[in-house]
Amino acid sequence: MNPYPAMLVPPAIRTIDPYMPSKPDRHLMAAYGIDTLYRLNNNENPLGPPPGAAAAISGLRPERMAIYPSGDAYDLRGHIAKFLDVSPDQVVCGNGANEIIQFVISAYCGPGDNIVTGDKTFAVYEWVAEFSGVEARLTPMKDHGFDPDAMLAFMDGRTKILFVCNPNNPTGTYWNGQTLEAFLRAVDGRAMVVVDEAYCEFVDRPDFPDAATLLDRYPNLLVFRTFSKVYGLAGLRIGYLVGHRDAVYDVCRTRIVYSINAAAQAAAMAALGDTDHIHRTREMVADAKCYLTGALKGLGLPVIAGEGNYVIGGLPFNDQLAYRRLIRRGYMVRTMTSFRFPNHIRITLRRRPVMEGFVAALAAVLEKIT
Ligand SMILES: Cc1ncc(COP(=O)(O)O)c(C=O)c1O
């Protein structure tokens with residue numbers, strides 16, 4: 001047998017470490033000797049999907065699974081188009097917004113091109129760029145938010161895409177409508193601007209912009225949304241993009257068809273725009289945010305809390321150590337070193353009793369270590 005031909009992997013790819021997802025709960029619970037594990041690491045919705053989506057999933061007959069789903073999520077795209085008052089040919093669905101990041105980078109970027117984004121934001125923009133052989137230029141954040149001037153200054157003739165996460169994961173900052181429009185005017189069609197609104201449904205601020213309403217005026221604008229967060233469908237993997245129809249045509253050149261399964265399409269159709277569910281989720285998040293920020297400050301920890309269903313806490317010690325100590329007490333958090341926030345953890349907001357349990361666990365860990 002020949003040895004494995006490792007030299008086939010390009011040198012730039014060999015420098016990338018694979019992302020290691022956490023093990024399934026039953027493994028972790030056995031490894032750490034716990035009987036309950038609260039995942040506070042992925043910004044999921046503990047209320048689950050809206051009832052209509054749950055019914056759509058349980059109504060799927062097994063025979064249906066033998067048939068390919070719609071290759072381009074035809075009905076769902078129509079539904080999203082109606083919801084956002086755009087045309088169906090302005091919508092692309094993907095296997096989570098993550099897959100759409102990949103479609104867009106593949107569609108616009110070639111060797112020697114670059115993308116620009118912030119240095120403390122959702123890391124998948126940077127990762128996909130890098131493994132696609134595209135330079136990721138990361139601008140320093142200003143007051144924990146995206147700095148429009150820095151992003152413009154980092155652009156050059158090879159910049160193809162600017163990624164803005166609005167509100168930002170993990171810092172919760174957001175650009176208001178004025179900032180977003182001023183940025184789009186300054187970019188002046190020289191590059192595509194992606195506004196990732198994965199957490200937009202959590203924002204209840206009058207000046208928070210609905211970027212989709214700007215599409216008529218900015219054909220270089222692409223807006224991302226997901227069903228993974230407020231709609232509680234992370235396990236089905238479904239997200240979408242809206243943009244100008246010519247941009248969508250170009251993105252579809254690199255789209256993987258049939259990547260969204262039938263259950264995801266049915267559930268997303270039923271979930272979209274369920275205002276009761278959004279309202280219930282927002283109430284739960286607001287209550288948890290108020291409690292947790294107060295409790296973290298009470299423990300003497302710095303807090304970064306803005307929009308979205310998460311809060312960052314600063315620690316007087318290493319975040320990996322905190323992760324290991326907290327998981328032994330049944331709470332999994334997101335370590336922030338990978339987001340260039342060493343000694344910080346991000347905590348997903350859940351119902352009050354879970355938050356209270358988490359704070360008690362964190363207080364015990366702090367007391368032991370410090
Ligand atoms: C800002 C942001 N964009 C996109 C995604 C990816 O979402 P999806 O689950 O649809 O792939 C996430 C997931 O955490 C996110 O935080």
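Buried means under 20% relative accessible area, exposed means over 50%, and partly exposed lies in between, with a 1.4 Å probe and protein chains only. By that scale R340 is partly exposed, at 34% relative accessibility.

This is a predicted model: local features need pLDDT of at least 70, side-chain atom pairs count only at pLDDT 80 or more, and totals for chains, interfaces and linings use all residues. Residues are numbered from 1 along each chain as its sequence is written, and side-chain values use heavy atoms, with hydrogens and water left out.

## The ligand site

The space it takes is the largest pocket. A pocket here is an open set of points on a 1 Å grid over the protein atoms alone, with protein on both sides within 12 Å along at least five of seven lines. A molecule sits in such a pocket if more than half of its atoms lie within 2 Å of the grid points.

There are 13 residues around the ligand, and A97, D196, T226, S228 and R237 come nearest. To be near, a residue needs a heavy atom within 4 Å of the molecule. Helix α5 gives the most to this shell, with three residues.

| Side chain | Distance to a ligand oxygen atom |
|---|---|
| N169 | 2.8 Å |
| K229 | 2.8 Å |
| R237 | 2.7 Å |

The protein covers 93% of the 400 Å² of accessible area that the ligand has on its own. Areas come from the Shrake-Rupley method with a 1.4 Å probe; for residues, only the protein chains shown count as cover.

## Helix α5

Helices (H or I, at least four residues) and strands (E, at least two) are DSSP runs, numbered from the N terminus. Buried residues in α5 are G96, A97, E99, I100, I101, F103, V104, I105 and Y108.

## The loop between β5 and α8

This loop runs between β5 (159-165) and α8 (177-187), and G172 is found there.

Most residues other than glycine have a negative phi, and most peptide bonds are trans. A cis bond joins N166 and P167, with omega about 0°. Another cis bond joins N169 and P170, with omega about 20°. N169 also has a polar side-chain atom 2.8 Å from a ligand oxygen.

G172 is buried, at 4% relative accessible area. Its C-alpha is 8.3 Å from that of H144, 28 residues apart along the chain.

R340 sits in the loop between β11 (331-335) and β12 (344-348). N343 is found in that loop as well. Phi of R340 is near 65°, a positive value in a residue other than glycine. Phi of N343 is also positive, near 65°. N343 is partly exposed, with a relative accessible area of 31%.

## Other positions

Where does Q90 lie? Q90 is in the loop between α4 (74-84) and β2 (91-94). Q90 is buried, with 11% relative accessible area. A polar atom of the Q90 side chain lies 2.9 Å from the backbone oxygen of G243.

A81 has its place in helix α4. A81 counts as buried, at 2% relative accessibility. A81 and A56 are 25 residues apart in sequence and 20 Å apart in space, C-alpha to C-alpha.

F202 lies in the loop between β6 (192-196) and β7 (221-226). F202 counts as buried, at 8% relative accessibility. The C-alpha atoms of F202 and H279 are separated by 8.9 Å, with the two residues 77 apart along the chain.

Is M7 buried or exposed? M7 counts as exposed, at 62% relative accessibility. M7 lies in the segment before α1 (11-14). The C-alpha atoms of M7 and V203 are separated by 48 Å, and the residues are 196 apart along the chain.

Conventions
A polar contact is a pair of N or O atoms within 3.5 Å; within protein, one must be able to donate a hydrogen and the other to accept it, and residues adjacent in sequence count only if both atoms are side-chain atoms. On a 1 Å grid over the protein atoms alone, a cavity is a set of points where a 1.4 Å probe fits but cannot get out, and a pocket is an open set with protein on both sides within 12 Å along at least five of seven lines; lining residues have an atom within 4 Å of a point.
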